[in-house]
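Here is a short briefing to read alongside the model. Keep the viewer open and look up each residue as you go.

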Amino acid sequence: MSDRKNVVLSPDVVEAQKDIIEQIFQINEAFYRLCGVRKKAFIETYGCQQNVSDSEILAGMLSSMGYELSDSKDEADFIIYNTCAVRENAELKVYGNLGALKHKKSKNPGLIIGVCGCMMQQKEVADTIRRKYKHVDLVFGTHSLYYFPSLLKQVLDDSSRVVDVRETDGSIAENYPVVRGDGPCAWVSVMYGCNNFCSYCIVPYVRGRERSREKDAVLCEIRSLAAAGYKEITLLGQNVNSYGKDLYSDYDFSDLLSDACKIDGIERIRFMTSHPKDISDKLIDTMAANDKICKQLHLPVQAGNNRVLEVMNRRYTKEGYLEKIKKIKEKMPGITLTTDIIVGFPGETKEEFEDTLDVLRKVRYDTIFSFIYSKRAGTPAAVMDDVLTHEEKKECFDRLLEVQDEISLEKNEALRGKVMKVLVEGTSKTDENVLSGRTEGGKIVNFEGDSKYIGEFADVEITDVRTWSLIGKIID
Ligand code: 5AD
Ligand code: SF4
């Protein structure tokens, strides 16, 4: 077990950061008394749910500092991008967005621009920002999140640039303020980091080694969420099946799930992400035995060919994966299954890609999240040679979507006419007269209804289906 003293931030450090939050609050209050308007902060988040969860802590700190959280960067006094390093596309967007802020900063020198998250944990990226994006005031990595108040204070006091990209395996801090998104669902991080080192993946380098939160801290947070009226939680970790290995010899993720199920008020529990090599019979049995645990599993397969899986360092075979899926389906018929797929991993041939399609046809996932391989400097796969051209990879990618779209639609079609219990999360993104919620399996259902249902469960009859969502009619 690792040395926890180096993992959990001491209460003194947390208190010192809270003092700084208070100092900034006083400055912002004085500004408000003088000008009658509050300073505004804008946060843009890229990447996975872990980043969304980190941004909720950033929002919590900013709000406690007296900033008003704003959806518009045009009126913001502080803009921060919480970045993702998993694929190049997301990185390019950040560079583009940062470039576009240069003009804004020259018109408004008081504007503070920050950039944080996984991208900044890569030395070359932080150096590039330092050299080429001189209008950026604050740069910090994932391991510095909990020091954000002191970093921002330094920028405010000295009007100088502050860069904090510390190379640790990361820390955990409890009792930071959090501002969560609207609705009845909340994210709860149970562990951080990853030890798996899949050969294509940057995450272990930017998020550090696996470290779990104490079970009592997690359960206490879930109890307070229940008391605040939240009905659904999603337990988060890069590899939740490793939960507790660094802390306990006899308490694992299944035990945590069972304990979470005992908390009154929380009616639905989801979790992500599970690694296929680690998913245990105990976890499958725990899911099957507890009504509160949603019958939904995200189990990234990445590829279907055994040679490719081995070079990816995934440590399972196609047959082993399919065997686990069989067991899961036997124990939980009707479970919603989703996965991640990488197309065009270095060396993958067209014939090997056929094995990925075969997995799709055999498992019949409800949805897949698919990506064309993106080279990440510093990972083992970055120096491996390609067999397929970019065009060929794109052709494989399009075929993948074609095969999956048909399966997704067929699976949704089977739900037509069924009455499903939907937790209403809010209004639809495209039409505010339409409510939007999720089934136990995590499928989005849109239907007309009164806003009084937001935050509540509703019985909805499925009247029409799309590839990625369902359409329904509320049953009173
Ligand atoms: N290129 C493309 N996709 C990647 N992922 C991780 N690393 C890469 C990469 N270098 C995908 C995997 C993972 C998901 C979060 O992102 O499918 O499960
Ligand atoms: Fe990346 Fe693999 Fe860890 Fe997932 S399990 S975060 S793909 S290294």
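The notes below go through domains, charge pairs, surface patches and backbone details.

This is a predicted model, in which local features need pLDDT of at least 70, side-chain atom pairs count only at pLDDT 80 or more, and totals for chains, interfaces and linings use all residues. Residues are numbered from 1 along each chain as its sequence is written, chains are lettered from A and ligands numbered from 1 in the order in which they are written, and side-chain values use heavy atoms, with hydrogens and water left out.

**Domains**

- The domain assignment, which is automatic or taken from a database, gives domain 1 (11-164) and domain 2 (419-474).
- Between the C-alpha centres of domain 1 and domain 2 there are 35 Å.

**Salt bridges**

- Side chains of opposite charge can pair when their charged atoms come close.
- The whole structure holds 38 salt bridges (a side-chain nitrogen of Lys or Arg within 4 Å of a carboxyl oxygen of Asp or Glu).
- R213 pairs with E221, and their closest N and O atoms are 2.6 Å apart. Both R213 and E221 are buried (buried means under 20% relative accessible area, exposed over 50%, partly exposed in between, with a 1.4 Å probe and protein chains only).
- R213 and E221 also belong to a network of salt bridges that includes E56, E174 and R180.
- D255 and K282 form another salt bridge, with 3.2 Å between the closest N and O atoms. D255 sits in helix 8 (residues 253-261) and K282 in helix 9 (residues 281-289), so this pair ties together parts that are 27 residues apart in sequence (helices are DSSP runs of H or I with at least four residues, strands are runs of E with at least two, and both are numbered from the N terminus).
- K282 is partly exposed, at a relative accessible area of 38%.
- K326 bridges to E330, with the closest N and O atoms 3.9 Å apart. Both residues lie in helix 11 (residues 318-331), four residues apart, which is about one turn of the helix.
- K326 is partly exposed at 47%, and E330 counts as exposed at 55% relative accessibility.

**Charged patches on the surface**

- Patch members have over 30% relative accessible area and no salt bridge, and like charges are joined within 9 Å.
- A patch of negative charge is made by D12, E15, D19 and E22. D19 is part of helix 1 (residues 11-35) and is partly exposed, with a relative accessible area of 48%.
- K102, R131, K132, K134 and R161 gather in a patch of positive charge. K132 belongs to helix 4 (residues 123-132) and counts as exposed, at 57% relative accessibility.

**A buried strand residue**

- V460 is in strand 18 (residues 457-465) and is buried, with a relative accessible area of 0%.
- V460 and V445 are 15 residues apart in sequence and 8.4 Å apart in space, C-alpha to C-alpha.

**Backbone details to look up**

- The peptide bond from M272 to T273 is cis, with omega near 5°. T273 falls in the loop between strand 11 (268-272) and helix 9.
- F197 is not a glycine, yet its phi is positive, at about 50°. F197 is in the loop between strand 8 (191-192) and helix 6 (203-207), and is partly exposed at 29%.
- N313 also has a positive phi, near 65°. N313 lies in the loop between helix 10 (306-311) and helix 11, and is partly exposed, with a relative accessible area of 28%.

Key:
Patch = residues over 30% accessible without salt bridge, like charges linked within 9 Å, V, L, I, M, F, W, Y side chains within 5 Å. Areas by Shrake-Rupley, 256 points an atom, 1.4 Å probe, with all protein chains shown as cover. Lys, Arg positive; Asp, Glu negative; His and termini not counted. Charge placed at Lys NZ, Arg CZ, Asp CG, Glu CD.
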